[in-house]
Amino acid sequence: MSPELPLRVNLTALENIALVEQFHQAMSWTQASARAQRLLDSCGHGDIAMKRDEDLTPTQRFAVKLARAIQLRRPLLVIDRPALLLADVPYPDALGTLLARLADVYPAHRILDYTWNQALYGTMPQMETHHE
């Protein structure tokens, strides 16, 4: 996940997530959208499925991007500079909550952030730092 990878503004949150499985897994819209809705529900944001990017808060947008990234079922989820994505909440706590809710859906994650933000994450072993 990267701040530089936006959502498709002409699609709803649900469509942004479901599109990934439709494209990569050749999954039907019915199956892909059902899985996308389950992921949004797991994130605690099931009610935003029909919202578009412009109507989402930064935390909601993050949840959509997280669900979209999980759809690919890669062995490692990398979250780059979460403060840029979670500008409306205390992000280490919000990030920890979201990741805990989805822990059974993805195998592992790493958080990349600047060295000076390392203390914000406490002892999270998945933390790696940029030296910029």
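The structure is a predicted model. The helices are α1 (residues 13–25), α2 (residues 29–43) and α3 (residues 58–71). The largest pocket has a volume of about 420 Å³, and α1 and α3 each supply at least two residues of its lining.

**α1 and α2**

- The axes of α1 and α2 come within 8 Å, with a crossing angle of roughly 125 degrees.
- The two helices α1 and α2 are therefore oblique to each other, and their crossing is right-handed.
- On the α1 side, the contact is made by Leu14, Glu15, Ile17, Ala18, Glu21 and Gln22.
- On the α2 side, it is made by Trp29, Ala32, Ser33, Arg35, Ala36, Gln37 and Leu40.
- By class, the residues of the contact of α1 with α2 are seven nonpolar, three polar and three charged.

**α1 and α3**

- The axes of α1 and α3 come within 8 Å and cross at roughly 15 degrees.
- Angles under 35 degrees count as roughly parallel, so α1 is roughly parallel to α3.
- The crossing in which α1 passes α3 is right-handed.
- From α1, the residues in this contact are Ala13, Asn16, Ile17, Ala18, Val20 and Glu21.
- From α3, they are Val64, Ala67, Arg68 and Gln71.
- The contact of α1 with α3 holds six nonpolar, two polar and two charged residues.
- Ile17, Ala18 and Glu21 of α1 take part in the contact with α3 and also in the contact with α2.

**α2 and α3**

- The axes of α2 and α3 come within 10 Å, and they cross at roughly 130 degrees.
- That angle makes α2 oblique to α3, and α2 passes α3 in a right-handed crossing.
- α2 contributes Ala32, Arg35, Ala36, Leu39, Leu40 and Cys43 to the contact.
- α3 contributes Ala63, Val64, Ala67, Ile70 and Gln71.
- The residues of the contact of α2 with α3 divide into nine nonpolar, one polar and one charged.
- Ala32, Arg35, Ala36 and Leu40 of α2 are in the contact with α3 and in the contact with α1.
- Val64, Ala67 and Gln71 of α3 are in the contact with α2 and in the contact with α1.

**The largest pocket**

- The largest pocket is lined by 22 residues, and the closest to its centre are Leu5, Val20, Arg68, Ala69 and Leu72.
- Helix α1 gives the most to the lining of the largest pocket, with five residues.
- By class, the lining of the largest pocket has 14 nonpolar, three polar and five charged residues.
- Val20 and Arg68, which are among the residues closest to the pocket centre, also belong to the contact of α1 with α3.

Note on methods. Residues are numbered from 1 along each chain as its sequence is written. This is a predicted model: local features need pLDDT of at least 70, side-chain atom pairs count only at pLDDT 80 or more; totals for chains, interfaces and linings use all residues. Side-chain values use heavy atoms; hydrogens and water are left out. Axes are lines fitted to C-alpha atoms, for helices over the stretch in contact, and angles run from 0 to 180 degrees between N-to-C directions. Helices (H or I, at least four residues) and strands (E, at least two) are DSSP runs, numbered from the N terminus. Angles under 35 degrees count as roughly parallel, over 145 as roughly antiparallel, 65 to 115 as roughly perpendicular and the rest as oblique. A crossing is left-handed if the near helix is turned anticlockwise from the far one by less than a right angle, and right-handed if clockwise. Contact means heavy atoms within 4.5 Å. Ala, Val, Leu, Ile, Met, Phe, Trp, Tyr, Cys and Pro count as nonpolar, Asp, Glu, Lys and Arg as charged, and the others, Gly among them, as polar. On a 1 Å grid over the protein atoms alone, a cavity is a set of points where a 1.4 Å probe fits but cannot get out, and a pocket is an open set with protein on both sides within 12 Å along at least five of seven lines; lining residues have an atom within 4 Å of a point. Grid points are joined across faces, edges and corners, and a volume is the space filled by probe spheres set on the points.
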